[in-house]
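Visitor: I have a structure to look over. Can you walk me through some parts of it?
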Amino acid sequence: MSDQRAPGGGTKLGLPTPADVVAPIALQRRTVRLTGWRLAVLLASLIAVLSFVRIVTGAQQIDSAGTIAAAIGLAIPIGMAGLGGLWSERAGVVNIGLEGMMILGTWGAGWAGTMWGPWYGLLIGTLLGGVGAVVHAIATVTFGVDQIVSGVAINLLGLGVTQYLSALVWPGQPTQSPQIPAIATFTLPGISDWAKSIAEKGWFFVSDCASVLRAITYDVPYTTFIAVALLPITFWILWRTAFGLRLRSCGEAPYAAESLGVNVYLHKYVAVIVSGCLAGFGGAVLATVLSGIYREGQTGGQGFIGLAAMIFGNWRVGGLGAGSLLFGYTQAMQLRSGAAVHALLLVIVILVAVFGAYLLYRRTVRPALVAFVVAGLVYLWYATTETLPDQVAYVTPYVATLLVLSLASQRLRMPAADGKPYIKGQDH
Amino acid sequence: VRRFLLALAAPVLALAFAVLVTSVILIASGHPPMQVYKQMWDYGTQPDSLVLTLNLATTYYIAAVAVAIGFKMNLFNIGVDGQYRLAALFAAFVGGKVNLPPILHVGLILVVAMAVGAMWAGVAALLKTRRGVSEVISTIMLNYVATGIIAYLLAPDRFAELIEGSNNIGTPPIGPSGQVPGFDVIPGASSPVYGLIVLAGVVGFGFWFLLGRTRFGFDLRASGLSSTAATASGVDSKRMILYVMLLSGAVAGLLGMPQLLGASYTYNLDFPAGLGFTGIAIALLGRNSPIGIIFGSLLWAFLDVSRQILDLEGVSKEIVTIMQGITVLSVVIAYEVVRRYGIRAQQREVGRQLAADEAALEGVSA
């Protein structure tokens, strides 16, 4: 059953968990380490809440195996873009150009994927993202240009280059590629069917766990495993190796790093290029696995959602994983019925109320009251409406990020020298 | 004179570089570059194209000024995009619902647009001053939230109605009293230039006046150059951030107006999007100066209009997007290189001066 944690694989490494929907970073300082039992209890209670709401409202889709599988699938491009942002920003380079690098990735996957098969598509998409990153690195690291400006230009360039190339490669229909051959998927025989039969029973809690099991054992594209594995790998490289320490020191105090003999330029280059490759890979997955086709404008801001997920996760791998999963889930809900989205309001009510009770237990009365009032208002909203506008799910990632930023900005900690240009030997 | 030349060198160098790269790409894809440029020039200088260029440049100019106001204080208003779309939607809706005497009607629409734009920028400003949230991130997020809000509001029974004979939906059309007639300034053109080109002029003049002739503008530039020094001299940096963001948002709100009141008269699904990002590019190109931005927006608009011919000639018109992207990137790199060169030249100058003084002193004591 340890597999069950795979989708949120990062959570056991970093700090926040999916429960952060409501209680973002507040828990973070108090819980010293979210290992083992605590995490299991948190996840289990989350599933219990979802299960309770599912039974009360009859909205089966809020945690059906299909929804969870879709959420994981949609979380992958977001997570890869976010991981790209993490690499780059940990080395002190803000990367707004993730979106453009992702666009390059989708195109690469469409072009090479239709020519030589999906795996080559993924490879070329990844490399093209890296090419975009090289441009960003030259501008920001070598020339010290404002990093936001360069990112904006990369986004512009990524769009223009792919549109131009599309017109060259697919002259008849330049806005999309032919179908990309599908990638192989993994199904755990026996277990997945057994999980499905349990999930269909509709039992409290048990069926919901079975839905999760079904989602991660049935028809899982292999790219998902690669992407999920990249989270702990990144954590290990950045936080457990000498190279990672040096890279992060470039993002915290580049001149101190320089005085210790670290080649700051080199580390920044590596970080930015890895960042672009990850974003490119995310784009390639988007095209190859989720759509099976390259389409112009396909990324639709996923690069920015990835950036949001990274900030939501406080520049940490675990938080980033949780954020991507949450945002992937909201995107998956967009495709579901209005009733299911509506039922989510009840989930929010319960989570906020529980958080309020927790605050009361900690004797912080005023925030607790605020939480209860919010819960009451959301309940009122739930009780007086039948459905929610489609756009609510659409804006959730952005609003969630704004909320986290505004409510927990004191606890968020980005790398100290993030976004600041570095010129060798120019310490003052 | 030398400083002026240095300032001019950067954009010229960058443009030359962009043209060079574009030519290489064109050659690589089998098109003779000179011929392509000539076609663009010939098409772009026809009367109708000139009108389009001026109209587009009007919009781009306002967009770039909105961005530049923030830039002058090192505030990055990426949210111009969301601000103008939201503002245009509300302005179009209000304008379509009421009927007032001509001047008042237009005035009301403009005020609504500015208010909505400022309000949306104000959210980012408050997040920054009250909670310390970076405006870069918050405005990016707010852009998407604005997209969501617009999608929600631009629906039948809310702000919009079905446009007859199409499956497009838009706000109720603004009546004649709210429309701004255009000018027939280009002989031989079939359509007029937006009347609100005057608005762009006013915005540009206001920007220049504010920056160079008022105390607020001085504080603003001081905060941009060194926020600590500005604070030390008594500038309330938080209040400056709030005012500048509100101002930037208000100007952003205006940027959809030439199009809305001069051509489309309704906000529908086809209303141009993404102009905020164009504004960022042009502000960089024009170096945030009211005059520089004029050239930037004219160039950008000309490229956007003249590229329309390329598809007919078998060249993908996206080549121009590539060219624009490279221009922006190389222009900022060029500015940075020139700036560093300038600093080094200054240091050398100072060094020489000091050495000379010292030599003179020694001469005296000897």
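Guide: This is a predicted model. We can start with Thr266(B), which is found in the loop between helix H11 (257–264) and H12 of chain B.

Visitor: Is Thr266(B) buried or exposed?
Guide: Thr266(B) counts as buried, at 11% relative accessibility; the cut-off for buried is under 20%.

Visitor: And how far apart are the C-alpha atoms of Thr266(B) and Ala281(B)?
Guide: They are separated by 27 Å, and the two residues are 15 apart along the chain. Ala281(B) is one of the buried residues of H12(B).

Visitor: How many residues of helix H12 of chain B are buried?
Guide: Ten of the eleven, over residues 275–285, so the helix is largely enclosed by the rest of the structure. Among them are Leu275(B), Gly276(B), Ile280(B) and Leu285(B).

Visitor: What comes just after H12(B)?
Guide: Arg287(B), which takes a positive phi of about 55°.

Visitor: Switching to charges. How many salt bridges over all chains?
Guide: The count comes to 15. In chain B, Asp304(B) pairs with Arg307(B), with the closest N and O atoms 3.3 Å apart. Both of these residues are buried.

Visitor: What does Glu252(A) form a salt bridge with?
Guide: Arg413(A), with 3.0 Å between the closest N and O atoms. Glu252(A) lies in helix H10 (residues 242–252) of chain A and Arg413(A) in the segment after helix H17 (390–407) of that chain, so the pair ties together parts that are 161 residues apart in sequence.

Visitor: How accessible are Glu252(A) and Arg413(A)?
Guide: Glu252(A) is partly exposed at 25% relative accessibility, and Arg413(A) is partly exposed at 46%.

Visitor: Which residues are linked in a network of salt bridges?
Guide: Arg54(A), Asp63(A) and Asp208(A).

Visitor: Now the surface. Which residues form a nonpolar patch?
Guide: Met115(A), Trp116(A), Tyr120(A), Leu123(A) and Leu127(A), with about 560 Å² of accessible area together. Helix H4 (98–116) and helix H5 (118–142) of chain A each give two or more residues to the patch. H5(A) has the largest share, three residues.

Visitor: Where does Trp116(A) lie?
Guide: In helix H4 of chain A. Trp116(A) is partly exposed, with a relative accessible area of 47%.

Visitor: What lines the second largest cavity?
Guide: Val93(A), Thr140(A), Val141(A), Gln147(A), Lys268(A), Pro421(A) and Tyr422(A). That lining divides into four nonpolar, two polar and one charged.

Notes
Residues are numbered from 1 along each chain as its sequence is written. Chains are lettered from A and ligands numbered from 1 in the order in which they are written. This is a predicted model: local features need pLDDT of at least 70, side-chain atom pairs count only at pLDDT 80 or more; totals for chains, interfaces and linings use all residues. Side-chain values use heavy atoms; hydrogens and water are left out. On a 1 Å grid over the protein atoms alone, a cavity is a set of points where a 1.4 Å probe fits but cannot get out, and a pocket is an open set with protein on both sides within 12 Å along at least five of seven lines; lining residues have an atom within 4 Å of a point. Ala, Val, Leu, Ile, Met, Phe, Trp, Tyr, Cys and Pro count as nonpolar, Asp, Glu, Lys and Arg as charged, and the others, Gly among them, as polar. Patches are made of residues with over 30% relative accessible area and no salt bridge: like charges are joined within 9 Å, nonpolar side chains (Val, Leu, Ile, Met, Phe, Trp, Tyr) within 5 Å. Accessible areas come from the Shrake-Rupley method with a 1.4 Å probe; for residues, only the protein chains shown count as cover. A salt bridge is a side-chain nitrogen of Lys or Arg within 4 Å of a carboxyl oxygen of Asp or Glu. Helices (H or I, at least four residues) and strands (E, at least two) are DSSP runs, numbered from the N terminus. Buried means under 20% relative accessible area, exposed over 50%, partly exposed in between (1.4 Å probe, protein chains only).
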